[in-house]
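I am opening a notebook on a structure that is new to me. These entries record what I looked up, in order.

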Amino acid sequence: MTTTLRPQTAAAVDANGAAMACALAAGIGAFAVGLFVILNEAGVFAAPALYAPAGGVTGRTTFATLVWLAAWGVLHARWRAREIAPARIFGLTLGLIGVGVLGTFPPLWALL
């Protein structure tokens with residue numbers, strides 16, 4: 001039994017949009033965690049405690065997870081067949097992660 005290999009098109013080989021969507025969505029999700037923490041500490045948004053012993057952090061992280069999934073879905077749908085410059089996406093992702101992590105530090109909350 002022999003199999004015939006079909007050549008891949010250049011678009012299928014060069015498209016990295018799905019991977020870039022995944023990377024950027026991770027940064028957006030990390031930023032969302034920091035944003036929800038800051039909003040909670042400022043008294044603007046109070047996420048419900050989904051698991052009482054853990055407190056409000058369960059609600060904040062659940063909402064951030066929903067933001068991450070939504071961002072991933074939208075970006076994947078838009079970029080899946082495109083070639084995206086990885087350096088810009090990774091730089092933006094690292095910046096979003098950095099800001100998100102800063103938002104979770106209590107010394108920053110004192111500035112509000």
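**Entry 1: a helix and its length.** Before checking a helix, I note the rule: its expected span is 1.5 Å times one less than its number of residues. The model I am reading is predicted. I took helix 2, which has 25 residues. At 1.5 Å a residue it should span 36 Å, and its end C-alpha atoms are 36 Å apart, so the two values agree. I then looked just past helix 2. Glycine 43 sits there with a positive phi of about 80°.

**Entry 2: the core.** Which residues make up the largest nonpolar core? I found nine: Met20, Ala21, Ala23, Leu24, Leu75, Trp79, Ile84, Ile89 and Leu96. Helix 2 gives the most, with four residues.

**Entry 3: aromatic rings.** I searched the whole structure for aromatic pairs and got four. One of them joins phenylalanine 36 and phenylalanine 45. Their centres are 5.3 Å apart, with 35° between the planes, and the pair is tilted. Is phenylalanine 36 buried or exposed? Its relative accessibility is 13%, so it counts as buried, the cut-off being under 20%. Phenylalanine 45, at 25%, counts as partly exposed.

Phenylalanine 36 also pairs with phenylalanine 63. That pair is tilted too, at 6.1 Å centre to centre and 50° between the planes. Where do these two partners lie in the chain? Phenylalanine 36 is in helix 2 (residues 17–41) and phenylalanine 63 is in helix 3 (residues 57–79). They are 27 residues apart, and the pair links distant parts of the chain. Phenylalanine 63 counts as partly exposed, with 31% relative accessibility.

**Entry 4: the surface.** One patch covers about 660 Å². Leu94, Ile97, Val101, Leu102, Phe105, Leu108 and Leu111 make it. Which helix gives the largest share of the patch? Helix 4 (residues 86–102) does, with four residues. I picked out isoleucine 97, which lies in helix 4. Its relative accessible area is 31%, so isoleucine 97 is partly exposed. A patch residue needs over 30%, and isoleucine 97 has 31%.

Methods: Residues are numbered from 1 along each chain as its sequence is written. This is a predicted model: local features need pLDDT of at least 70, side-chain atom pairs count only at pLDDT 80 or more; totals for chains, interfaces and linings use all residues. Side-chain values use heavy atoms; hydrogens and water are left out. Patches are made of residues with over 30% relative accessible area and no salt bridge: like charges are joined within 9 Å, nonpolar side chains (Val, Leu, Ile, Met, Phe, Trp, Tyr) within 5 Å. Accessible areas come from the Shrake-Rupley method with a 1.4 Å probe; for residues, only the protein chains shown count as cover. A salt bridge is a side-chain nitrogen of Lys or Arg within 4 Å of a carboxyl oxygen of Asp or Glu. Helices (H or I, at least four residues) and strands (E, at least two) are DSSP runs, numbered from the N terminus. Buried means under 20% relative accessible area, exposed over 50%, partly exposed in between (1.4 Å probe, protein chains only). Rings of Phe, Tyr and Trp (its six-membered ring) pair if their centres lie within 6.5 Å; planes under 30 degrees apart count as stacked, over 60 as edge-to-face and the rest as tilted. A nonpolar core is a set of buried Ala, Val, Leu, Ile, Met, Phe, Trp, Tyr and Cys residues joined through side-chain atoms within 4.5 Å.
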